[in-house]
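Here is a short briefing for a first look. Keep the sequence and the 3D view side by side as you read.

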Amino acid sequence: QMYREVYGLKIYGAIFYNHESEIRPEEYVTRKITKSVAKIYYGKQKNLFLGDVKAKIDWGYSKDYVEAAYKIMQLSKPDVFVIASGQNCSVELFTKKCFKYVGLNYKKYLKINKKLLRPSKTVSLIGDTHKAKKTFNFKIKTNLDKLISIMMDNDLKIESKNK
């Protein structure tokens, strides 16, 4: 902050919590889940292997976060903000919702692989967006169910073409 003031730099910042989309690589758990569910739906895959399904994550849609970044940069006074959905959801519930989207029971396909468990001290994180709400009326437009439908529709379309 002092460096910014000494040199009169106009520096804006944001701490983005997990922001997901249909173009995320498969290394990210949300995309791994949606792509696997689509493959299972089309009979191309038998099971989905995950690690810690009890982990709770604050997931939002990337498009909402990019819009927030733009609004931050329009502010006359530079500042740093937390951008998040302000809610969290377990990996298991996210998985359940994706399978439900295609009419399948996740319990038939979800397998836990202990090798996929990550050492983590954080069990649950939720972003506090009060400052962003107060300063530039930040709002999440895309709730988790809508995010899942965007990702699932995309991956179902991809898998239907790859028959």
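Leu-156 sits in helix H6. In this predicted model, Leu-156 has a relative accessible area of 13%. That is under 20%, so Leu-156 counts as buried. From Leu-156 to Lys-131 the sequence separation is 25 residues. In space, the C-alpha atoms of Leu-156 and Lys-131 are 38 Å apart.

**Overall layout**

- The protein has 6 helices and 8 strands.
- Starting at the N terminus, the order of elements is α-β-β-α-β-β-β-α-β-β-α-β-α-α.
- The C-alpha trace spans about 60 × 35 × 25 Å along its principal axes.
- The protein has 163 residues, and 37% of them are buried.

**Salt bridges**

- The count of salt bridges comes to 8.
- Asp-155 pairs with Arg-31, and their closest N and O atoms are 2.8 Å apart.
- This pair links distant parts of the chain: Asp-155 belongs to helix H6 and Arg-31 to helix H2, 124 residues apart.
- Are these two partners, Asp-155 and Arg-31, buried or exposed?
- Asp-155 is buried because its relative accessible area is 1%, under the 20% limit.
- Arg-31 is buried too, with a relative accessible area of 8%.
- Lys-54 forms a salt bridge with Glu-92, with 2.6 Å between the closest N and O atoms.
- Here too, distant parts of the chain are linked: Lys-54 lies in the loop between S3 and S4, while Glu-92 lies in helix H4 (residues 91-101), 38 residues apart.
- Lys-54 has a relative accessibility of 56%; that is over 50%, so Lys-54 counts as exposed.
- Glu-67 and Lys-141 also meet through their side chains in a salt bridge, at 2.6 Å from N to O.
- The two residues come from distant parts of the chain, 74 residues apart: Glu-67 is in helix H3 (residues 62-74), and Lys-141 is in the loop between helix H5 (130-136) and H6.
- Glu-67 is partly exposed, at 27% relative accessibility.
- Lys-141 is exposed, at 60% relative accessibility.
- A network of salt bridges links Lys-35, Lys-44 and Glu-159.

**The largest pocket**

- The volume of the largest pocket is about 840 Å³.
- Its lining has 30 residues, and the closest to the pocket centre are Val-29, Ala-55, Ile-57, Val-91 and Arg-118.
- Which elements each supply at least two residues of this lining? They are helix H2 (29-41), strand S3 (48-50) and strand S4 (56-57).
- H2 gives the largest share, 3 residues.
- By class, the lining holds 14 nonpolar, 6 polar and 10 charged residues.

**The second largest pocket**

- The second largest pocket has about 180 Å³ of space.
- Its lining residues include Ile-57, Trp-59, Ser-85, Gln-87 and Asn-88.
- Also among them are Cys-89, Ile-140, Thr-142, Asn-143 and Leu-144.
- How many charged residues does this lining have? It has no charged residues, with 5 nonpolar and 5 polar ones.
- Ile-57 belongs to the lining of the second largest pocket, and Ile-57 is also listed among the residues closest to the centre of the largest one.

**A nonpolar surface patch**

- Met-2, Tyr-3, Val-6, Tyr-7, Leu-9 and Ile-11 make a nonpolar surface patch of about 680 Å².
- Where is Ile-11 placed? Ile-11 is in the loop between helix H1 (2-6) and strand S1 (13-16).
- Ile-11 has a relative accessible area of 40%; this lies between 20% and 50%, so Ile-11 counts as partly exposed.

**A backbone angle to check**

- Asn-137 is not a glycine, yet its phi is positive, at about 55°.
- Asn-137 lies in the loop between H5 and H6.
- Asn-137 is partly exposed, with a relative accessible area of 47%.

Technical notes
Residues numbered from 1 in each chain as written. Predicted model: local features only at pLDDT ≥ 70, side-chain atom pairs only at ≥ 80, totals over all residues. Heavy atoms only, no water. 1 Å grid on protein atoms, 1.4 Å probe; cavity = no way out; pocket = protein on both sides within 12 Å on 5 of 7 lines; lining within 4 Å. Points joined across faces, edges and corners; volume = space filled by probe spheres on them. Helix = DSSP H or I, 4+ residues; strand = E, 2+ residues; numbered from the N terminus. Nonpolar A, V, L, I, M, F, W, Y, C, P; charged D, E, K, R; others polar. Patch = residues over 30% accessible without salt bridge, like charges linked within 9 Å, V, L, I, M, F, W, Y side chains within 5 Å. Areas by Shrake-Rupley, 256 points an atom, 1.4 Å probe, with all protein chains shown as cover. Salt bridge = Lys/Arg side-chain N within 4 Å of Asp/Glu carboxyl O. Buried < 20%, exposed > 50% of the residue type's maximum accessible area, 1.4 Å probe, protein only.
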